[in-house]
Amino acid sequence: MAEHKHGEMDTTSQEKTFDGFLKFMTWSAIVVIVVLILVAMING
């Protein structure tokens with residue numbers, strides 16, 4: 001097994017995955033907030 005050297009791992013795939021996750025969660029939160037506002041307006 002090769003010796004680990006700090007800072008040499010390629011993390012571009014992990015960074016892209018995390019960026020996609022953040023975008024998904026942001027849009028999910030926006031959709032949930034809009035739906036809650038619409039429900040409040042309809043029932044008001």
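View 1. Buried here means under 20% relative accessible area, exposed means over 50%, and partly exposed is what lies in between (1.4 Å probe, protein chains only). This is a predicted model, in which local features need pLDDT of at least 70 and side-chain atom pairs count only at pLDDT 80 or more, while totals for chains, interfaces and linings use all residues. Residues are numbered from 1 along each chain as its sequence is written, and side-chain values use heavy atoms, with hydrogens and water left out. The chain has one helix and zero strands; both are DSSP runs numbered from the N terminus (helices H or I, at least four residues; strands E, at least two). Along the principal axes, the C-alpha atoms fill a box of roughly 65 × 15 × 15 Å.

**View 2. A nonpolar surface patch that includes W27, I30, L38 and I42.** A salt bridge would be a side-chain nitrogen of Lys or Arg within 4 Å of a carboxyl oxygen of Asp or Glu.

**View 3. Zooming in on L38 in helix α1 (residues 12-43).** L38 counts as partly exposed because its relative accessibility is 46%.

**View 4. I30, also found in helix α1.** I30 sits at 38% relative accessibility, so it counts as partly exposed. From I30 to T12 it's 18 residues in sequence and 27 Å in space, C-alpha to C-alpha.

Terms used:
Patches are made of residues with over 30% relative accessible area and no salt bridge: like charges are joined within 9 Å, nonpolar side chains (Val, Leu, Ile, Met, Phe, Trp, Tyr) within 5 Å. Accessible areas come from the Shrake-Rupley method with a 1.4 Å probe; for residues, only the protein chains shown count as cover.
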